[in-house]
Amino acid sequence: MNLTMSLFQMSVEVERKFLCSADTLKTLEEMGVCAGQRQFHDQYFDTPKFDLTLRDMWLRKRKGCWELKCPTAASNGTTELSGEQSEAAALCTRYKEITDLAEIHLRVKEVLKDSCEVRETETSSSEGEESWLSNMNLVCFADFTTVRRSFTLEEDGVQIDLDQADFGYHVGEIEVLIPEGGDVKSALEKIRNTAQKLGITGDHKVEGKMNVYLKRNHPQHYAKLLSAHVL
Ligand SMILES: Cc1ncc(C[n+]2csc(CCOP(=O)(O)OP(=O)(O)OP(=O)(O)O)c2C)c(N)n1
């Protein structure tokens, strides 16, 4: 099936990361409802030549489920932003989240077809359900566990996560999920309001877990992504 014929409805995650101070945590605990704490183990996959991550595509397995995060077109939903909205956009990331495995296979194959990475073999059940990884020359390059506390505020559809990764990095994120083609401006506005309420300042993007993980564990991979302006 051609990708343009694909009919899957995808979500777009609009997200701002922040460093959580003791003051922010106190405000959050006063204002928000703690929706619980959970722990998950993430494994990220790419080819040895980094064909996916160099295109800002992030393939991972979390709690037994596959997810692919892909960039949205830079201008989608962000034309004619006000000054404040542009500032908010510069602090946020926007990624499509694909969770349907067949769709993930299609997208990954599409990217790898030019780099001769895909072995055109049929998967037999005896090879195990994840032979597609080796057929596409995909290997695990990052593997870590996160303890996440989630909060919800009155603001519609805003989730705040406080993540503690097992390699010693803490980061918070304010997140709004919208359908593909949905209202990015309104999501940015909600994120900006929430950051203001929590007293979050700063005019630079805060590093995510992966930045810090790669810098520490795979500096060459990290350097390639930096020079390609992916991170
Ligand atoms: C600030 C920032 N973050 C991520 C990226 C790109 N990127 C690197 S790894 C990566 C995939 C992991 O995304 P992230 O949202 O950081 O992880 P997590 O919070 O655990 O996922 P969730 O539970 O919210 O789905 C991305 C998109 C970027 N360029 N800049």
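Before you click on anything, here is one rule for later: the expected span of a helix is 1.5 Å times one less than its number of residues. Helices (H or I, at least four residues) and strands (E, at least two) are DSSP runs, numbered from the N terminus.

**Getting your bearings**

What you have open is a predicted model, where local features need pLDDT of at least 70, side-chain atom pairs count only at pLDDT 80 or more, and totals for chains, interfaces and linings use all residues. Residues are numbered from 1 along each chain as its sequence is written.

Colour the protein by pLDDT, the predictor's confidence in each residue, from 0 to 100. The mean is 87, and 87% of the residues reach 70 or more. Now select residues 1-5: here the pLDDT is below 50, and beyond near neighbours in sequence the stretch has four contacts in the model (two residues are in contact if their C-beta atoms, placed from the backbone, lie within 7 Å). For the model scores, note ipTM 0.96 and pTM 0.89.

Switch to cartoon view and you can look for seven helices and eight strands.

**Stop 1: helix H5**

Select residues 184-197. How far apart are the end C-alpha atoms of H5? They are 20 Å apart, which agrees with the 20 Å that 14 residues should span at 1.5 Å a residue.

Next, show the side chains of Val184, Ala187, Leu188, Lys190, Ile191, Arg192, Thr194 and Ala195, which are buried. Buried here is a matter of counting C-beta atoms, placed from the backbone: 20 or more others within 10 Å of a residue's own makes it buried, 12 or fewer makes it exposed, and in between it is partly exposed. The buried residues of H5 pack against E1, helix H2 (83-90), E5, E7 and strand E8 (169-179). Following H5 you'll find Gly199, with a positive phi near 70 degrees.

**Stop 2: strands side by side**

Pick E2 (residues 33-46) and E6 (residues 139-152). They run antiparallel and are joined by 13 bridges; two strands pair if DSSP finds at least two bridges between them.

Val147 has Gln164 in E7 as its bridge partner. E6 and E7 form a hairpin with five residues between them, and Gly157 in the turn has a positive phi of about 70 degrees.

**Stop 3**

Most residues other than glycine have a negative phi. Which way does the phi of Asp56 go, positive or negative? Asp56 has a positive phi of about 65 degrees although it is not a glycine. You'll find Asp56 in the loop between E2 and strand E3 (58-62), and it counts as partly exposed, with 16 C-beta neighbours inside 10 Å.

Lys63, also not a glycine, has a positive phi of about 50 degrees. Lys63 sits in the loop between E3 and strand E4 (65-71). With 10 other C-beta atoms within 10 Å, Lys63 is exposed.

**Last stop: the ligand**

Select the ligand and what surrounds it: Glu15, Lys17, Trp58, Lys69, Thr93, Tyr95, Glu173, Lys205, Gly208, Lys209, Met210 and Leu231. A residue counts as near a molecule if its C-beta atom, placed from the backbone, lies within 6 Å of it. Strand E1 (11-18), strand E5 (92-98) and helix H6 (209-217) each supply at least two residues of this shell.
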